[in-house]
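Thanks for making time this morning. I would like to walk you through one structure, chain by chain, and then stop at a few places that deserve a second look.

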Amino acid sequence: MIVDDEEMVISSIKAFLQLETDYHVQGFTDPEEASRFAEKQRVDVAVSDYLMPKMNGIQLLGRIKEKQPEASRVLLTGHADKQSAIQAINQVALFQYLEKPWDNAQLLLVIQSGAERARLFRDLKTKVNELDSANSSLKSVQKRLLEAFL
Amino acid sequence: MSSPAAELHQMAAVGRLLAGVVHEINTPLGSIFSNNEVISRALEMLCPLLQQGTPEALESAGRLVSTCQTLASVDRIACERIRSVIQSLRSLSRLDAPEPLYVNLNQQLLDTVKLTNAQFRRRIAVETNLGELPEVRCYPQMLNQVFLNLLVNAGHAIEGEGTITIRTRLEGGLVHISISDTGRGMTPEVQARAFEPGFTTKAVGEGSGLGLSISREIVEEKHGGTIDFETRPGVGTTFHIRIPVEQKRSAP
């Protein structure tokens, strides 16, 4: 997911990712629309601008974190926003912070490792769930055993 | 105007302005860099596809070409954005002519707005209602500094989102410029001291407290005009500047 109120940024990054990867890329100029999207669809990596109308990038990434904690959150910001952005970074446990003008190779690396991280988190979640259900079936077996012997 | 404090104030204002301009240029620049790389890469991939010549290869080639076309038009928009920022910067930084020039103040205001937009764009809407004006004999760069000071102050007065409205009209032999904000307004204490050199409501390091006193000097001493304001706490502030179209001491 790429969110920037500048259409040109979305067009450029989208074209780049489509050429170099087989990721499914969704672009939004409206952060509220991006937030609604994250309610319904899986997001592995969210790359967001900082200064946008209605909602800044940190607020948006915070909302995405609530809905999909596994999604890797990346801030892509212009120089003028730097200070306020750095102050807010801890709030949303940012995966990576990038500055404009961005470097495509670096952006790709960040997105790839972000996607990998999201996949690992999801795997972990599945494994934990499996362990939980194995644990509860073990418990019920144990209970039945106890009942049978006592 | 040449006191060290006034010069420092101007340098600080220019510094803040430049930070906004850098941001305004970095976004389109990022796009152009990225697009350039993608287009080169697409062209690299295009040659082998065309040599293969199979229907599938030609279809992929077609997609690459349309990507390049899209990016070329994005580049054009990005370049135009950079050019327009640089044009307004250039027109604002014209060296002060020793003699006054005839300029259209509407144009000066629009150029100043374009630069402050880099700081305001996503938070504050700037509306303009510009009447037809004759060319005014003035020191344009000094007046731009006044406009910049007032716009920056207006932006500071607005917490969160708001609107700045700029109006101009000709009233007899005077050009009347008003700059209104929907900000917090000024308390009676602030009103009384607003034009006092060194008085500021901004945080340490954010304002020198000289903006309005310098503005008054430029408008009154250099142009024989007037500057005053009306304000209502919680509603907003309007600054009025009136400048004679022809100034007596510099009339031809």
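This is a predicted model: local features need pLDDT of at least 70, side-chain atom pairs count only at pLDDT 80 or more; totals for chains, interfaces and linings use all residues.

Let me start at Ala93(A), which sits in the loop between helix H4 (82–88) and strand E5 of chain A, where helices (H or I, at least four residues) and strands (E, at least two) are DSSP runs numbered from the N terminus. Residues are numbered from 1 along each chain as its sequence is written, chains are lettered from A and ligands numbered from 1 in the order in which they are written, and side-chain values use heavy atoms, with hydrogens and water left out.

Ala93(A) has a positive phi of about 45°, although it is not a glycine. Most residues other than glycine have a negative phi, and most peptide bonds are trans. At 39% relative accessibility, Ala93(A) counts as partly exposed, the class that lies between buried, under 20% relative accessible area, and exposed, over 50%, with a 1.4 Å probe and protein chains only.

Which bond joins Lys100(A) and Pro101(A)? It is a cis peptide bond, with omega at about -5°. Pro101(A) is found in the loop between E5 and H5 of chain A, and Lys100(A) lies in that loop, between strand E5 (96–99) and helix H5 (104–149). Lys100(A) is buried, with a relative accessible area of 3%. If we set aside residues up to four places away in sequence, Lys100(A) touches Asp4(A), Val9(A), Asp49(A), Leu76(A), Thr77(A) and Gly78(A), together with Asn26(B) and Thr27(B) of chain B, contact here meaning heavy atoms within 4.5 Å.

Now to chain A as a whole, which has five helices and five strands, and whose elements run β-α-β-α-β-α-β-α-β-α from the N terminus on. Of its 150 residues, 47% count as buried. Its accessible surface comes to about 8200 Å², of which 52% belongs to carbon and sulfur atoms; these areas come from the Shrake-Rupley method with a 1.4 Å probe, and for residues only the protein chains shown count as cover.

How many of the 14 residues of helix H1 in chain A are buried? The count is 10 of the 14, so H1(A) is largely enclosed by the rest of the structure. Among those buried residues are Met8(A), Val9(A), Ile10(A), Phe16(A) and Leu17(A). Helix H1, residues 7–20, reaches 20 Å from its first C-alpha to its last, close to the 20 Å expected at 1.5 Å a residue, the expected span being 1.5 Å times one less than the number of residues.

Helix H2 (residues 31–40) and helix H3 (residues 57–67) of chain A pack at an angle of about 10°, with their axes 9 Å apart; the axes are lines fitted to C-alpha atoms, for helices over the stretch in contact, and angles run from 0 to 180 degrees between N-to-C directions. That angle makes H2(A) roughly parallel to H3(A), a label given to angles under 35 degrees, with over 145 being roughly antiparallel, 65 to 115 roughly perpendicular and the rest oblique. The contact is made by Pro31(A), Ala34(A), Ser35(A), Ala38(A) and Glu39(A) of H2(A), and by Leu60(A), Arg63(A), Ile64(A) and Lys67(A) of H3(A).

Let me turn to chain B, which has six helices and seven strands. Of its 252 residues, 45% count as buried, and chain B exposes about 12800 Å², with carbon and sulfur atoms supplying 56% of it.

Helix H6 (residues 211–222) of chain B has 12 residues, and its buried residues include Leu212(B), Ile214(B), Ile218(B) and Val219(B). H6(B) is followed by Gly224(B), whose phi is positive, near 60°. Gly225(B) has its place in the loop between H6 and strand E6 (226–232) of chain B.

Is Gly225(B) buried or exposed? It is buried, with a relative accessible area of 10%. Leaving aside neighbours within four places in sequence, Gly225(B) is in contact with Val219(B), Glu220(B), Arg242(B), Ile243(B) and Pro244(B). The C-alpha atoms of Gly225(B) and Val245(B), 20 residues apart along the chain, are separated by 9.7 Å.
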